[in-house]
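Subject: Structure handover

Hi there,

Here is the structure I promised to pass on. Please open it alongside this note, and my findings follow below.

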Amino acid sequence: MERKRLEDILNNFPKLRIAVAGDFFLDKWLEIDRSLDELSLETNLTAYQVVAKRCYAGAAGTVMSNLAALGAGKLSAIGFLGDDGEGFEIQRLLRGQGINTENLFVSGEVMTPTYTKPVFRTDSGPEETNRFDHKNIKPTPRDLEQKIIDALWNTAPHADAIIALDQLTGEGCGVLTPRVRQELAKIGEQYQKLVLYADSRAFIKHFHNMVIKCNNIEAIKLFSAAGDPDIQKKAADFDEVKKCLLRLSDANGRPVFITCGSKGTLVKDKNGQPILIPAVRLPPETKIDIVGAGDACTSGIVTALASGASAEEAAFIGNLVASITIQVIGTTGTATPNQVLAAFQSYNV
């Protein structure tokens, strides 16, 4: 890709109208100073003392933060939150980035999904311990499901892209229920020019008439027997992953992106053949934190596709964005257009 082509794509980002539909989590980091430990008089157990707290909009919120940092124009969230403090915090964080939360529905029937991450302060640096996960494990209430569907149909005629991000592995317990997926397929059929994009941990093969993205391990699992002991081995075999790419593409009829970690991203080229778009190589001594890398890649892919990029170009831009965010340690990073251009310059040195 020539620099001028990349600049043209990036310059279109402020014109984009993008909605993210999915599971919005609160990422809550609690820093604990062990020198301040107290003994609970009630339980005789150690009471850890939290001395600092950091909160971020996670899962679908991570994608939204990346889109905002890339300068995407009008952003809106579609999903639901509990009528609780965590839900209030997510709305505050998103609105602070100029994101429309009109279709982020609040309900007392659900709780706001939350990852609470305690971190001990030690002389050798932060030490993360067991995480506390708050996730909805009951089926999504019918009325909330209908509100999501209505919001998607109302959004589609006016959007350049809709990203469907499925964080949960429990069927029917999150935003993207089977019924919502069916409606998304209908939207994809009716609005051919809309970039409709899905990223799902467990149900990616159930999304149709959409661009889909998964990683190599998830792709192999889709076409392997449950409990297959060779999953990791197959995921490292590009020939096996290419077969998955072709099967997903044939079934869906839209572009497929399979990320392969530090190797790069597999897509189809203009001749319909699988091609690996290499990841950006960083200096060996570079410290990295891969948390959120997939979401960063998604933000780059979708903004590029909505700006007229080919699948190969979009995969390359997704790789550039991810190469920037993984260099942010201890939190989920974002990337600006200027940083993307700088990464491109380094890539071509």
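The lining of the largest pocket divides into 17 nonpolar, 16 polar and 11 charged residues, where Ala, Val, Leu, Ile, Met, Phe, Trp, Tyr, Cys and Pro count as nonpolar, Asp, Glu, Lys and Arg as charged, and the others, Gly among them, as polar. This is a predicted model, in which local features need pLDDT of at least 70 and side-chain atom pairs count only at pLDDT 80 or more, while totals for chains, interfaces and linings use all residues. Residues are numbered from 1 along each chain as its sequence is written, and side-chain values use heavy atoms, with hydrogens and water left out.

The space in the largest pocket comes to about 1200 Å³. Of its 44 lining residues, Ile290, Gly292, Ala293, Gly294 and Asp295 are the closest to its centre. Helix α9 (residues 293-306) gives the most to this lining, with 4 residues; helices (H or I, at least four residues) and strands (E, at least two) are DSSP runs, numbered from the N terminus.

The search used a 1 Å grid over the protein atoms alone: a pocket is an open set of points with protein on both sides within 12 Å along at least five of seven lines, a cavity is a set of points where a 1.4 Å probe fits but cannot get out, and lining residues have an atom within 4 Å of a point. Points are joined across faces, edges and corners, and a volume is the space filled by probe spheres set on them.

The second largest pocket has a volume of about 260 Å³. It is lined by 15 residues, and those nearest its centre are Ala19, Ser76, Asn100, Thr155 and His158. Two or more residues each come from β1 (17-22), β6 (74-82), β7 (100-107) and α4 (142-155). By class, this lining has 5 nonpolar, 7 polar and 3 charged residues.

The whole structure holds 2 cavities of 30 Å³ or more. The largest cavity has a volume of about 50 Å³, and its lining includes Asp166, Leu168, Cys173 and Phe203. For the second largest cavity the volume is about 40 Å³, with Asp23, Phe24, Leu168 and Cys173 among the lining residues. That lining has 6 nonpolar, 2 polar and 1 charged residues.

What about the rings? There are 4 aromatic pairs, counting rings of Phe, Tyr and Trp (its six-membered ring) with centres within 6.5 Å; planes under 30 degrees apart are stacked, over 60 edge-to-face and the rest tilted. Tyr48 and Phe120 form an edge-to-face pair, at 5.2 Å centre to centre and 65 degrees between the planes. Tyr48 lies in the loop between β4 (46-47) and β5 (50-59) and Phe120 in strand β8 (residues 114-122), so the pair ties together parts 72 residues apart in sequence. Tyr48 is partly exposed at 42% relative accessibility, whereas Phe120 is buried at 10% (buried is under 20% relative accessible area, exposed over 50%, partly exposed in between, with a 1.4 Å probe and protein chains only).

The charged end of Arg131 sits over the ring of Tyr115, 4.2 Å from its centre (NZ of Lys or CZ of Arg within 6 Å of the ring centre and within 35 degrees of the ring normal). Arg181 lies over the face of Phe207, 5.8 Å from the ring centre.

Lastly, the search finds 0 disulfides (pairs of cysteine sulfur atoms within 2.5 Å). For Cys244, the nearest cysteine sulfur is that of Cys214, 7.9 Å away.

Best wishes
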